[in-house]
Amino acid sequence: MKVRVEVRLKPGVLDPAAATILRSLHRLGFDDVQDLVQVRAFEVDIAKVRPEDALADARAMADQLLANPVIETYRLDLVE
Amino acid sequence: MRVWHGESELPEVDLVGLPGGFAYGDYLRCGAIAARAPVMAAVVRFAAAGGRVLGICNGFQVLCETGLLPGALLANEGGRFVSRWLDVEVVGPPTDFTGGLPHGASLHLPVAHHDGNYVADDETLDRLEAEGRIVFRYRRNPNGSARDIAGIINDQGNVLGLMPHPERAVGMELGSADGAQVFRSLMEALG
C-alpha cells in the first residue's frame with residue numbers, strides 16, 4: 001500500500017529557494033504568480049493491507065523523521 | 001576519542017563533542033539522519049545524566065533535530081553558503097562553556113555553513129532570552145538567524161550548540177585564538 005507524505009514549511013518560515021524560483025518565474029514574464037511554495041513529497045510503499053494501518057505507519061514515520069514539527073507540517077494521502 | 005555512529009553505548013568520557021561536517025550529506029534536513037543514528041540514543045542518555053555535550057555547526061543542527069536543544073536551523077536567508085570570519089558576542093550568565101569569558105566579550109571565529117538560520121516560535125525565543133540561554137550572538141547577522149542567535153544552551157546548562165567554529169580558532173597561526181577560551185572554560189568546569 002503506497003502512501004504519499006507531503007511535507008512543507010510552516011507559513012511564515014522563509015524558504016530562500018522558493019523565493020529565488022518565484023523571482024525567476026517573474027523574470028520569465030509570469031507576472032500573475034503571487035506566491036510559490038516548495039513541497040517535499042515521499043511515496044512510501046508499506047506492507048500493510050488496510051489503508052488505516054498504512055496511514056498510521058506513515059504518520060509515525062512523518063512524526064519521527066520525515067517532517068520536523070518545529071518548522072514543517074505534513075499531509076498524508078493514499079496513492080492506491 | 002572517536003565514537004562510531006553505529007555504537008549503542010558511549011565510552012567513559014567527560015564531554016561529548018558533535019563536530020561539523022554535513023553528516024549523511026544533510027539529506028532530508030540538516031542533521032536529521034545523524035540525529036537518528038544509533039549512538040544518539042546514548043548521547044541523549046549521557047546528556048540526561050548531566051554530561052556536557054558540545055555541538056558545533058552540523059553538531060548544533062543534530063542537537064536541534066535530536067530535541068536536546070529547541071528550535072531548528074534552516075537555509076541561510078541569502079540562500080548562499082557563508083564561509084568567513086566574524087565576531088560573536090558572549091551574552092547571558094556564565095556557563096560551563098563560557099565561564100572564563102566576561103559578559104559582552106567578543107570572539108573572532110569562522111563560520112562555514114549553508115543552514116545557520118536559527119528558527120523557533122516566539123514563545124521559545126522569549127523563553128531562551130528570559131532564561132539567559134542565548135549564549136552567543138552575531139554582531140552582524142550572516143544568515144538571518146532569529147534574534148542574531150549564534151549559539152544556545154539547554155535548560156540544564158550542560159548541552160550547548162553553536163554555528164561558529166571555536167575549534168578552528170585555537171591559535172594565532174589559525175587567525176584567532178579566541179575559540180580556545182571555550183575549551184579552557186570547559187576544562188575548568190570539568191576539573
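Predicted model: local features only at pLDDT ≥ 70, side-chain atom pairs only at ≥ 80, totals over all residues.

Colleague: Strand 8 of chain B, then. Is it buried or exposed?

Modeller: Strand 8, residues 149-153 of chain B, is largely enclosed by the rest of the structure, because 5 of its 5 residues are buried.

Colleague: Which strands does strand 8 of chain B pair with?

Modeller: Strand 7 of chain B (residues 134-138) pairs with it in the antiparallel sense over 3 bridges. Strand 9 of chain B (residues 159-162) also runs antiparallel to strand 8, joined by 3 bridges.

Colleague: And what are the bridge partners of Ile152(B)?

Modeller: Ile134(B) has Ile152(B) as its bridge partner in strand 8 of chain B, and in strand 9 of chain B the partner of Ile152(B) is Gly161(B).

Colleague: What about the hairpin of strands 8 and 9 of chain B?

Modeller: There are 5 residues between the strands, and Gly157(B) there takes a positive phi near 80°.

Colleague: Changing topic: how much area is buried between chain A and chain B?

Modeller: About 1,000 Å², with carbon and sulfur atoms giving 66% of that. Chain A puts 14 residues into the contact and chain B 14 residues.

Colleague: How many salt bridges cross the interface?

Modeller: The rule finds 1. Glu72(A) forms a salt bridge with Arg29(B), and their closest N and O atoms are 3.5 Å apart.

Colleague: Which elements of chain A give two or more residues to the side that touches chain B?

Modeller: Strand 2 (39-45) and helix 2 (51-66) of chain A. Helix 2 of chain A gives the largest share, 3 residues. By class, that side of chain A has 10 nonpolar, 2 polar and 2 charged residues.

Methods
Residues numbered from 1 in each chain as written. Chains lettered and ligands numbered in written order. Heavy atoms only, no water. Buried < 20%, exposed > 50% of the residue type's maximum accessible area, 1.4 Å probe, protein only. Helix = DSSP H or I, 4+ residues; strand = E, 2+ residues; numbered from the N terminus. Pairing = 2+ DSSP bridges. Contact = heavy atoms within 4.5 Å. Buried area = accessible area lost by both parts, 1.4 Å probe. Salt bridge = Lys/Arg side-chain N within 4 Å of Asp/Glu carboxyl O. Nonpolar A, V, L, I, M, F, W, Y, C, P; charged D, E, K, R; others polar.
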